[in-house]
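Thanks for coming, everyone. Please bring up the model on your screens, and we'll walk through it together.

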Amino acid sequence: MIKVAIVEDNLRFQSALASLLRSSDLFALCGIYSSAEEALLGLPANQPDIAVIDIKLVDMSGIALIQKVRQITTRTQYMICTLHQDNEFIFDALKAGASAYILKDASGEEIKTAIKDLFLGGSPMSPYIARKIINVFRQNEPQANQYGLSERELEVLKLMSSGLLYKEIAEQLFISGNTVKNHLKSIYKKLHVQNKMEAVNKFKSQ
């Protein structure tokens, strides 16, 4: 059986979650706490396998609770179950030590599956939360200048990738044709390519 504790100050949701877990032979409910203060005492004493924690609690946040208690509850994994969907909450919770993030609008079966998956080594997320995390990483993808290209080299590369000839690039940037060629030599070296086609393909693949 999976030992589960609940840290939730919304008594209605707390009761519904407790009933959900008691309805399954897979879970053993080993603590229900209505505040972080109670949980700070109860979680180390009971050492559940999974602690299901809300973010907004009456005395401190669930994130702060995880930060305080995780060093002394080494066998416990933490699952956030909350209404909050802001990036700040999501990433602060994961940094604090939460390994799962489920929204309260999830179905009972989804919550039970998430607890089971977390126990088995997964990191379950509500689909909306997973998409937000993916979008953040996509926004932070390295661009072509990860290769150390200068601003001018990036301008040359962008114009070249749009199909302009060396002479047209020179005219557009108000530089000489020889300067364009020198920039291209530097670009090829930094991108580790041999010719214009390889450089353009590498740039467009970013």
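One caution before we start. This is a predicted model.

Let's begin with charges. How many salt bridges does a search of the whole structure find? The count is six. I'll show you some of them.

Start with Glu8 and Lys104. Their side chains meet in a salt bridge, at 2.9 Å from N to O. Now look at where the two residues sit. Glu8 is in the loop between β1, residues 2–7, and α1, residues 11–22. Lys104 is in the loop between β5, residues 98–103, and α5, residues 108–119. The two are 96 residues apart, so to speak from distant parts of the chain, and this pair links those parts. Are they buried or exposed? Both Glu8 and Lys104 are buried. Asp54 joins Glu8 and Lys104 in a network of salt bridges.

Next, two bridges inside helices. In α5, Glu109 and Lys112 are three residues apart, about one turn of the helix. Their side chains form a salt bridge at 3.0 Å, N to O. Glu109 counts as exposed, because its relative accessibility is 52% and the cut-off for exposed is over 50%. Lys112 is buried, with a relative accessible area of 15%.

Now go to helix α7, residues 151–161. Glu155 and Arg152 both lie there, three residues apart, about one turn of the helix. Their closest N and O atoms are 3.0 Å apart, in a salt bridge. Glu155 counts as partly exposed at 34% relative accessibility. Arg152 is partly exposed too, at 30%.

On to the strands. Find β3, residues 50–53. Ile50 and Val52 point one way from this strand, Ala51 and Ile53 point the other way, and all are buried. Who are the neighbours of β3? One is β1, which runs parallel to β3 and is joined to β3 by four bridges. Within that pairing, Ala5 has Ala51 as its bridge partner. Another is β4, residues 77–82, again parallel to β3 and again over four bridges. There, Val52 stands opposite Met79. To get from β3 to β4, the chain passes through helix α3, residues 62–69, and this β-α-β crossover is right-handed.

Lys56 is in the loop between β3 and α3. Its relative accessible area is 46%, so Lys56 is partly exposed. What does Lys56 touch, leaving aside its neighbours within four places in sequence? Lys56 is in contact with Asp9, His84 and Phe89. As for Ser35, it is 21 residues from Lys56 in sequence, and the C-alpha atoms are 9.7 Å apart.

Last stop, helix α1. At 1.5 Å a residue, its twelve residues should span 16 Å, and the end C-alpha atoms are 16 Å apart, so the two agree. Which residues of α1 are buried? They are Phe13, Gln14, Leu17, Ala18, Leu20 and Leu21.

Technical notes: Residues numbered from 1 in each chain as written. Predicted model: local features only at pLDDT ≥ 70, side-chain atom pairs only at ≥ 80, totals over all residues. Heavy atoms only, no water. Salt bridge = Lys/Arg side-chain N within 4 Å of Asp/Glu carboxyl O. Buried < 20%, exposed > 50% of the residue type's maximum accessible area, 1.4 Å probe, protein only. Pairing = 2+ DSSP bridges. Right-handed = clockwise from strand over helix to strand, strands pointing away. Contact = heavy atoms within 4.5 Å. Expected span 1.5 Å × (residues − 1).
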